Amino acid sequence: MKSSFIVGRQVSSLQTQALQYVLRYQLKYLPVTYLGVPLYKQNRKACLFDSIISRLRDMLPSWAMANLSHGGRLALIQSVLQATPLHLLQVIHPPKSVLTTIERIFNGFFWGSYNGRRHIHWSSWSKACFLVAEGGLGVRSLADYVRAFSMKLWWRFRSKSSLWSEYLHGHYCRNLHLTIAPYNRNHSPIWYRLCRIRDVAGPFLFWTLGEGSVSFWHDSEASKPAHAQGYLYCGAAGQGDKIAWTGSSAGVFSTKSAWEAIRQASPRRAATGRCSRALRASDSNRYDELVNLIGTEGSVDLITVAQAVHWFDLPRFYSVASHLLRKPTGVVTVWGYGIMNVNPTFDAAVKHWFQSTLPY
């Protein structure tokens, strides 16, 4: 039976039976699932996400992972696995333990751990959730997704574009501005989610004045966009006040622009850029400047050079490498186009590998 009804604790059993007799609906108890989303009361629980986690795990045996390259697995993660829980993350703010469990499934699949088999995970999933240019795999962190979806809810709430928004305004912000309306334990989880994100989302909003009904003290606190000169902007007379999003040139909100605004960038990005600029600079760079940009003395375990050492200023390179490498375990690994000679045992193994893999 598709239709059902839920009663509160104050409803007696006789009243419940009467409702069943009149409505002919099935009696259900919270939590229940509606349109793929659990409806629940009180605090969010990890068990609300058990169905989506089971669904992700059930997908893995159907894919012949032993025959998939890492690139193929990454494509499936980006197009299928990551997309599966997104509808739920938009509606419910999940506990951190749920996000950790889901991302462990992604990481295990990527590194080939499945059906009871354990393979070495050469990197944590948190390090993969950066842009390729930042040293990641180009996948997105679920925590960043959740924050972007929370900003989307705040945008819809502020723009008053739906009955849902009007209801929340009337219920929680009767005599207070919505940016300072309080939250307590008796309020709904969705209101708690909005209260948590409002200070983050606020600087990305600004107003175009029409009738002038916005609050000067609260609505004017949003950061101004780069092309504007103030916080509140005058529009055409006779029009209503309009809210705009600074993350796009058109002033229209998008989840992508919200994700770009709040995502966690790799801390290595700035350092990598500085190092690249220093290494490309002329010989006028001082030795200590170059070392400070890359790292302190004894801070590096491994330096690799792939088919490029013939372009180096070798005395300068070895001087910097000697300073940076951790003693005595630091290693410089260099490989080129030809076959290197180390000792008879090593040379024989390399020659056999080289010949058996040709022409690849």
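Trainee: Which residues does Thr255 touch, not counting those up to four places away in sequence?

Mentor: Touching here is contact, that is, heavy atoms within 4.5 Å. Thr255 lies in helix H10 (residues 255–262), where helices (H or I, at least four residues) and strands (E, at least two) are DSSP runs numbered from the N terminus. With residues up to four places away in sequence set aside, Thr255 touches Ala148, Phe149 and Lys152.

Trainee: Before we go on, from which number are residues counted along each chain?

Mentor: This is a predicted model, in which local features need pLDDT of at least 70 and side-chain atom pairs count only at pLDDT 80 or more, while totals for chains, interfaces and linings use all residues; side-chain values use heavy atoms, with hydrogens and water left out. Along each chain, as its sequence is written, residues are numbered from 1.

Trainee: How far apart in space are the C-alpha atoms of Thr255 and Lys152?

Mentor: Lys152 is one of the residues that Thr255 touches. In sequence the two are 103 residues apart. In space, C-alpha to C-alpha, Thr255 and Lys152 are separated by 6.5 Å.

Trainee: Is Thr255 buried, exposed or partly exposed?

Mentor: Buried means under 20% relative accessible area, exposed over 50%, and partly exposed in between (1.4 Å probe, protein chains only). Thr255 has a relative accessible area of 25%, so it is partly exposed.

Trainee: How many of the 18 residues of H7 are buried?

Mentor: H7 covers residues 142–159. This helix is largely enclosed by the rest of the structure, because its buried residues number 13 of the 18.

Trainee: What span should H7 have at 1.5 Å a residue?

Mentor: The expected span is 1.5 Å times one less than the number of residues. The end C-alpha atoms of H7 are 26 Å apart, in agreement with what its 18 residues should span, 26 Å.

Trainee: How are H7 and H9 oriented to each other: roughly parallel, roughly antiparallel, roughly perpendicular or oblique?

Mentor: Axes are lines fitted to C-alpha atoms, for helices over the stretch in contact, with angles from 0 to 180 degrees between N-to-C directions. The axes of H7 and H9 (residues 189–201) come within 9 Å and cross at roughly 95 degrees. Angles under 35 degrees count as roughly parallel, over 145 as roughly antiparallel, 65 to 115 as roughly perpendicular and the rest as oblique. That makes H7, relative to H9, roughly perpendicular.

Trainee: How many charged residues are in the contact of H7 with H9?

Mentor: Ala, Val, Leu, Ile, Met, Phe, Trp, Tyr, Cys and Pro count as nonpolar, Asp, Glu, Lys and Arg as charged, and the others, Gly among them, as polar. Residues of H7 including Trp154 and Phe157 meet residues of H9, among them Trp191 and Leu194. By class, this contact has twelve nonpolar residues, one polar and, as charged residues, three.

Trainee: Which residue with a positive phi follows H7?

Mentor: Its phi is near 50 degrees. The residue sits in the loop between H7 and helix H8 (163–172) and, at 45% relative accessibility, counts as partly exposed. Beyond its neighbours within four places in sequence, its contacts are Ser165, Glu166 and His169. The residue after H7 is Lys160.

Trainee: Which residue is joined to Lys327 by a cis peptide bond?

Mentor: The omega of this bond is about -5 degrees. Joined to Lys327 by the cis bond is Pro328.
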